[in-house]
Amino acid sequence: MQLIKDFINGVWNENPIFRMVIGICSALAVTTAASNGIAMGLALTFVLTCSSILVSILRNVIPSTVRIPCYIIVVATFTTVVDLFMKAYFPALYEVMGIFIPLIVVNCIVLARAEAFASKVGVARATADALGMGLGYTWAITLISIIREIMGSGTLFGYHIMGDGFVPWIIAILPPGAFIVMGILVGIMNMIARKTVKDTECH
Amino acid sequence: MNQYARMIIVLVIISMASGAVLALSYAVTNPTIQEQARQKLEQSVLVVIPGATRMEEIQKEDMTIYVGLDDEGNKKGIAFKTVGSGFNGSIEIMVGYNPKEGKLLGIEILSMSETPGLGARIQEEAFKGQFKGKSVEDEFVAKQDVEAISGATISSTAVASAIKTSLDKVVEIFPVGGDY
């Protein structure tokens, strides 16, 4: 039960993008096409899950004074592994994501979950949390990128869906479009969250 | 065990393990990465030299020249890489050239980070195609003999002048009409 709770927490209640608004640098930059969103999400989920598991296993071994360097080494290692494999087997995607794959190292979601959660709980809970956070990040940036791709290019996963008369709103695939789309989505998420909170006096 | 020793030991072990993992993944992926890069390069060379089916790389006066050959080994033209400074960063271009006639065979944009919908349209055939058949004697000035993309004069100029600069160098190495 606790595991399911940890998992759902990341996907919805504490969604990194829409609720906590962390790790949005990559979320704003690569979300110009739906396939980029999914790929970035999966890359982050992989790094997050592997590093959370390892940090959780080593939580009693790593002295607290050097914990941050240790976490960074672990995260950087997995990120570089993803970087190399992506370059070798998905060169087209790698070209689009460019610098943002290596930058997973400094994505605050990964370090925040290692520091705030994985280093304090067992492997099972750390895994559930990492998968939840990763999935939460993935669906959030995929949604942003689907909206931006449809508006900005008139396509979805590269297929034209808006018909010939459609004039793309180029701003949607430019940086300002990322902020606008994300802002609106965060607003909608807040509206939904407000409705589902029963005890309004807390807020 | 005192805490300083423990600190050092843990860090060393983690770093060594990380190094081992990285060395292993590098060894596994590196051949594929090299192969991908080579294939990509070859493909772009073959695109800009019509009729070529394979290429040979030669070094001439600090320029790398790719010679395109057909199945019988006849030279179909040469290709070279050039870099222009665009609106948002550098634009890498592969240029196909026929030294016998002194004319361009075609160009291909290898990488760029221009504005989508404006500068990025340098990748479209409508823009790239106009360089086909251009002569070394042409001026390569946007809005004069090169048709610029409206709203993207900087990107268009960057491509045209980058080609002109490198082309002048290539012409010095391989004079028009001469052998190559």
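**Reading a predicted two-chain model**

Mentor: Read along the sequence, chain A follows the pattern α-α-α-α-α-α-α-β-β-α. Helices (H or I, at least four residues) and strands (E, at least two) are DSSP runs, numbered from the N terminus. This is a predicted model, in which local features need pLDDT of at least 70 and side-chain atom pairs count only at pLDDT 80 or more, whereas totals for chains, interfaces and linings use all residues. Residues are numbered from 1 along each chain as its sequence is written, while chains are lettered from A and ligands numbered from 1 in the order in which they are written.

Trainee: How many helices and strands does chain A have, and how many does chain B have?

Mentor: Chain A has eight helices and two strands. Chain B has three helices and five strands, in the order α-β-β-β-β-β-α-α.

Trainee: What radius of gyration does chain A have, and what radius does chain B have?

Mentor: The radius of gyration is taken over C-alpha atoms, and the globule rule is 2.2 Å times the number of residues to the power 0.38. For the 203 residues of chain A, a compact globule would have a radius near 17 Å, and the 18 Å of chain A agrees with this. For 180 residues the rule gives a value near 16 Å, but chain B has 22 Å. Along the principal axes, the C-alpha atoms of chain A fill a box of roughly 60 × 50 × 25 Å; those of chain B fill one of roughly 80 × 45 × 25 Å.

Trainee: How many residues does each chain bring to the contact between chains A and B?

Mentor: Chain A supplies 21 residues and chain B supplies 18 residues. Helix 4 (residues 67-89) of chain A gives the most to the side of chain A that touches chain B, with eleven residues. That side of chain A divides into 17 nonpolar, three polar and one charged. Here Ala, Val, Leu, Ile, Met, Phe, Trp, Tyr, Cys and Pro count as nonpolar, Asp, Glu, Lys and Arg as charged, and the others, Gly among them, as polar.

Trainee: At what angle do the axes of helix 6 and helix 7 of chain A cross?

Mentor: Two packed helices are described by the angle between their axes and the distance between the axes. Axes are lines fitted to C-alpha atoms, for helices over the stretch in contact, and angles run from 0 to 180 degrees between N-to-C directions. The axes of helix 6 (residues 108-118) and helix 7 (residues 123-153) of chain A come within 11 Å and cross at roughly 150 degrees. Helix 6 and helix 7 of chain A are therefore roughly antiparallel to each other. Angles under 35 degrees count as roughly parallel, over 145 as roughly antiparallel, 65 to 115 as roughly perpendicular and the rest as oblique. The residues that meet include Phe117(A) in helix 6 and Tyr137(A) in helix 7.

Definitions and conventions: Two residues are in contact if their C-beta atoms, placed from the backbone, lie within 7 Å.
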